[in-house]
Amino acid sequence: MAIAKAERLMNLALCLLGTRRPLSKRELRESIEAYLEAGTDDSFNRMFERDKDDLRELGLVIATVEGLDGEVGYLARRDSNRLPPITLDAEEAAALGLAAKVWQQARLAGAASGALQKLRAAGLPEDVDPYEAHGALEPRIPVHEAAFEPLMLACRDRRPVVFDYRKANAAHPETRHVEPWALECWRGHWYLAGFDRDRGAERVFRLSRITGRVRSRGTGFTAPVPDVVTVRETVASWAGESADRSALIRLRAGAGYPLRARASSVRELGDGWDELEVPYGHGLDAWLVEFGPDVVVLEPAELRADVVDRLRAVAKG
């Protein structure tokens, strides 16, 4: 479905850019195969208006011109859609090279490489190799979750999705109906922010807990999309980043470096264990479970009980 829409948008953009005079809706419908297959005039009009809005959102400047006969026509003038000459110095080229090396998975790696090739063709200095500059820096954003690509496309196209999601303290997954807003990587894990239709509220989902296939649903969004989606801040608050309490834990020596980085105090206990005082807020129990047998919660009692419950749920699952 996503490929068919992308092809339809590309054909519409080529028609609008290639014409010397405004084209009416009727002419565009006769020129694009996907529009010919539209069952009724109403379905074609809805499809065309959505496509036109999508192209404008992508940056294509589409002019609307009324002809002498009163019929409205459309075209994308080349002078309005032509970028100025691109000039990059060595530092700018190095920055772009580092950005391109970040993405190593899925279609993003090809897109980043293709973008650099286009910049080279557009005038990137021949003596500058953006892949080699500052080669000691090797940025990486790993994407191992199968759900990443379909959710990325759903966020872009604003398509609701359905997937099975297993919470950290649950033995079995639940089906969630979500209007996806944005994806973000935080502490090495990918998260999705969106509107959970079943709960009628904003929710954040960790991609590694999505099981099975992400399925698309054709209906549009029912909730407004916020201007700014702060996935990282939301996840951080759930993980206790802004906590005003402390928890006392035992941590195996040589393990749990993220916990050590956040600890306000560390004391050696001997026998291969250390005692740490860490900020305690909502979601800390889920994070501690990830360290398995390397962590033992000493206090408070409710945190210890929550961690035990989560471990038992994992053992049952």
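1. Basis of the reading. The structure is a predicted model, in which local features need pLDDT of at least 70 and side-chain atom pairs count only at pLDDT 80 or more, while totals for chains, interfaces and linings use all residues. Residues are numbered from 1 along each chain as its sequence is written, and side-chain values use heavy atoms, with hydrogens and water left out.

2. Confidence. With pLDDT being the predictor's confidence in each residue, from 0 to 100, the protein chain has a mean of 80, and 78% of its residues reach 70 or more. Among its elements (helices are DSSP runs of H or I with at least four residues, strands runs of E with at least two, numbered from the N terminus), helix α6 (residues 106-121) has the lowest mean pLDDT, 59, whereas β4 has the highest, 95. Where pLDDT is low, the predicted coordinates should not be read in detail.

3. Of the 8 residues in strand β6 (residues 189-196), 7 are buried, where buried means under 20% relative accessible area, exposed over 50% and partly exposed in between, with a 1.4 Å probe and protein chains only. Two strands are taken to pair if DSSP finds at least two bridges between them; β6 pairs with β5 (residues 174-186) in the antiparallel sense over 8 bridges, and 6 bridges join β6 to β7 (residues 201-206), again antiparallel. Asp196 of β6 stands opposite Val178 and has Ala201 as its bridge partner in β7.

4. The two hairpins. The hairpin of β5 and β6 has 2 residues between the strands, and Arg187 there takes a positive phi near 55°. In the hairpin of β6 and β7, 4 residues lie between the strands, and Gly200 in the turn has a positive phi of about 65°.

5. Positive phi in loops. Most residues other than glycine have a negative phi, and most peptide bonds are trans. Arg158, however, has a positive phi near 55°; this residue sits in the loop between α7 (148-157) and β4 (161-165) and is partly exposed, with a relative accessible area of 48%. Asp271, in the loop between β10 (265-270) and β11 (273-280), has a positive phi near 60° and is exposed, with a relative accessible area of 78%.

6. A cis peptide bond. Glu299 and Pro300 are joined by a cis peptide bond with omega about 5°, and Pro300 is placed in the loop between β12 (295-299) and α11 (301-316).
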